[in-house]
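Here's a quick briefing to keep open beside the viewer. Have a look at the fold first, then come back for the notes.

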Amino acid sequence: MSTPEVAELEAQEARLVLPRFTYEDAWTLGTLLVGLARERRAPVAIDIRRGAQQLFHCALPGSSADNDAWIGRKRRVVERYGASSLLVGARFRAKGTTFEASSRLDPDRYAAHGGSFPVAVEGAGVIGSVTVSGLPQAEDHAMVVEALERLLSSYGSGDGG
């Protein structure tokens with residue numbers, strides 16, 4: 001799976017803005033991700049936060065504490081930049097550099113690798129993050145995008161709570 005370009009990543013973020021994000025929505029999103037991961041036998045850890053509060057966490061077989069560390073590093077990028085960790089890394093590469101070389105941030109605390117995506121709510125902006133770790137970065141990112149697309153479509157179908 002190839003890494004999407006900056007314009008495609010920006011379009012994903014513009015499209016995946018939720019009308020709300022409740023505790024129930026976090027549970028729904030988390031269980032969507034667990035279902036996708038189980039179908040694919042993906043050895044991932046999943047984390048969903050609103051502000052500083054962790055609303056959902058799951059570690060599936062094959063994941064490890066290293067995945068939790070990656071979740072923290074990728075999530076901090078989303079919190080700092082208000083954009084997906086993959087998009088932040090892509091923007092640095094588009095400028096002919098890397099996040100590690102140019103961000104001036106501690107690489108033990110920040111990683112602009114795919115898998116963390118902002119939870120954005122209409123009228124409120126970015127209020128949290130959803131992160132997957134355990135696959136190659138483009139696949140982590142794609143899994144989160146797929147789950148957010150399913151959550152967003154559920155609001156229109158009446159299944160969104």
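What follows is a short tour, from the whole fold down to single residues.

This is a predicted model, so to speak of local features a pLDDT of at least 70 is needed, side-chain atom pairs count only at pLDDT 80 or more, and totals for chains, interfaces and linings use all residues. Residues are numbered from 1 along each chain as its sequence is written, and side-chain values use heavy atoms, with hydrogens and water left out.

**Overall fold**

- The protein has six helices and five strands; these are DSSP runs, numbered from the N terminus, with helices being H or I of at least four residues and strands being E of at least two.
- Along the principal axes, the C-alpha trace of the protein spans about 45 × 35 × 30 Å.
- Of the contacts with a separation of 6 or more, 68% join residues 24 or more positions apart. Contact here means heavy atoms within 4.5 Å.

**Surface and charge**

- Buried residues make up 48% of the 161. Buried means under 20% relative accessible area, exposed means over 50%, and partly exposed is in between (1.4 Å probe, protein chains only).
- The protein exposes about 7,800 Å², with carbon and sulfur atoms supplying 49% of that. Areas come from the Shrake-Rupley method with a 1.4 Å probe, and for residues only the protein chains shown count as cover.
- There are 18 positive and 20 negative charges, and their mean positions are 4 Å apart. Lys and Arg count as positive, Asp and Glu as negative, while His and the chain ends are not counted; each charge is placed at NZ of Lys, CZ of Arg, CG of Asp or CD of Glu.

**The nonpolar cores**

- The largest nonpolar core has 29 residues, and Phe 21, Leu 29, Leu 33 and Val 130 have the most contacts inside it. A core is a set of buried Ala, Val, Leu, Ile, Met, Phe, Trp, Tyr and Cys residues joined through side-chain atoms within 4.5 Å.
- Two or more residues each come from helix H2 (23-39), strands S2 (45-50), S3 (53-59), S4 (116-121) and S5 (125-133), and helix H6 (137-157). H6 gives the largest share, seven residues.
- Leaving aside neighbours within four places in sequence, Leu 33 is in contact with Ile 46, Val 130, Val 132, Met 143, Val 144 and Ala 147.
- A second, separate core has 13 residues, including Leu 87, Phe 92, Phe 99 and Tyr 110.

**Helix H4**

- Helix H4 (residues 85-94) is mostly covered, with seven of its ten residues buried. These are Ser 85, Leu 86, Leu 87, Val 88, Gly 89, Ala 90 and Phe 92.
- Gly 96 follows H4 and has a positive phi, near 85 degrees.

- Ala 37 lies in helix H2 and is buried, at 1% relative accessible area.
- Not counting residues up to four places away in sequence, Ala 37 touches Ala 42, Val 44, Leu 60 and Met 143.
- Leu 135 lies in the loop between S5 and H6. Under the rule that residues up to four places away in sequence are not counted, Leu 135 touches Ala 42, Pro 43, Val 44, Asp 140 and Met 143.
- Leu 135 and Gly 115 are 20 residues apart in sequence, with their C-alpha atoms 8.7 Å apart in space.

- Most residues other than glycine have a negative phi.
- Arg 41 has a positive phi of about 50 degrees although it is not a glycine; Arg 41 sits in the loop between H2 and S2 and counts as exposed at 76% relative accessibility.
- Arg 104 has a positive phi of about 65 degrees, again without being a glycine. You'll find Arg 104 in the loop between helix H5 (99-102) and S4, exposed at 81% relative accessibility.
- Ala 65 is in helix H3 (residues 65-81) and is exposed, with a relative accessible area of 60%.
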